[in-house]
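Good morning, colleagues. Please look at the model on the screen while I take you through a few of its local features.

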Amino acid sequence: MKNNTFYTAILMAALSINALHAQNIVVIGEVENIKEGTTFQLEEITGTGSTAIWSKYDDKNNGKVINGRFLLKQRCKRTDSRHFSLYADQRSINLEFWANQGDTVYVKGNGPLMGTWEVKSKAPEQKELDAIRKTSVKELAAHQQSFLDYEAYRWYRRDTEMTEAEWDSTGVILRQKDTLRTTTKIAWFRKELEAMKDLPITDFWMDHIGTIIYRAHFHRSDFEDIMREIYIKNADKIDRKPDGKAIREWVYPYPKAEMGKLYTGGDLFDVNGKEYRLADFRGKYVLLDFWAQYCGECIEAFPQLGKLQKQYADKLTIISISVDKYQTWKTSPAQKDITWHSLSDGGGHDGGIAKSFDVASMPAYILIAPDGTYKARLTSSDIYNGKLEKYLNEEL
């Protein structure tokens, strides 16, 4: 029999915490077939990445399963965070949910396939997510199970003494499990996209499809048909959304940028909606700085970029282009550190200008010559070691 006194204490603690800290997120969980002592933690999902919440409380049992229940209380790093992931210990799989800061979220589940757990949240986005997940619960469960199987077997190989022949034979099995992990992920994403074809094009819809696009970009050919169907059916509504370009360009991709050739690019806009084109900046070198909220190295480079912009104001225009989702970019705390142009084209990580220049990882820097030609691709070290200045000091 479960400890009702403990459960009552959890409720009282959650209410007390919420009253004191509006920026907290509190999760109360009731779980079965989860090992006692398992500890849960949260991450804030921001754009295409996530930010771990490292705030610690004195309660050593924070997030720990006791008698089949747990209480997890954390303070959000970002005041606008509303999209979260709940992880158990090793973070191998997760439960995504939406919540308003200051609210208490209730989760209930049986077994380790967290994606199938029930969530009760006041956030309207949670209802939309539940509607999609209801159609894909079998596919999501299959993917999470295949992921757990793959991880368990990978650790088994690492921790077990084997002959060379055994290592080779188990390697074949591991690759088979990895293939299954991929195919189940594709099946899950396709099932969700099928459900989304007939749903209203809300801000949540755009956010969710943007997440799928980001996670599926290594398997583009597996989704081109359904993405085309979704876009053509909803083009007028998608095009009016700030992040709509990321969807449109699965169907009508940007041309690839070619070194030494003229690059015109597409439409860009600032946080106030003012539109720009790269051609507007001709006459000076243009450094395109591709960044994301979750990229610490990108943000760490901002002071150096600021120095370069100030030092070479007569020769250089720096444009930081965010690959984050629109709302994440617009509200990013890092915006305060950008004293030059901070723009977005709505194409995200896998579309628009980033796709044209094959930006696979960040930070990434592209130098455009004053006449609009693609001059060079630079690394982080080039921004610090003087290589950029060598280009700027060339005779024009």
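A word on terms: axes are lines fitted to C-alpha atoms, for helices over the stretch in contact, and angles run from 0 to 180 degrees between N-to-C directions. Helices (H or I, at least four residues) and strands (E, at least two) are DSSP runs, numbered from the N terminus. The model is predicted, with local features needing pLDDT of at least 70 and side-chain atom pairs pLDDT 80 or more, while totals for chains, interfaces and linings use all residues. Residues are numbered from 1 along each chain as its sequence is written, and side-chain values use heavy atoms, without hydrogens and water.

I begin with helix α3 (residues 164-196) and helix α4 (residues 203-215), whose axes come within 11 Å and cross at roughly 155°. That makes α3 roughly antiparallel to α4 (an angle over 145 degrees). Their contact (heavy atoms within 4.5 Å) involves K185, F189, E192, L193 and M196 of α3, and W205, H208, I209, I212 and R215 of α4.

Next, L262 is found in the loop between α6 (245-251) and β9 (267-269). At 51% relative accessibility, L262 counts as exposed (over 50%, with a 1.4 Å probe, protein chains only). The C-alpha atoms of L262 and T373 are separated by 4.0 Å, although these residues are 111 residues apart along the chain. Beyond its neighbours within four places in sequence, L262 is in contact with R282, D371, G372 and T373.

Finally, both W291 and F302 are buried (under 20% relative accessible area).

How values were computed: Angles under 35 degrees count as roughly parallel, over 145 as roughly antiparallel, 65 to 115 as roughly perpendicular and the rest as oblique.
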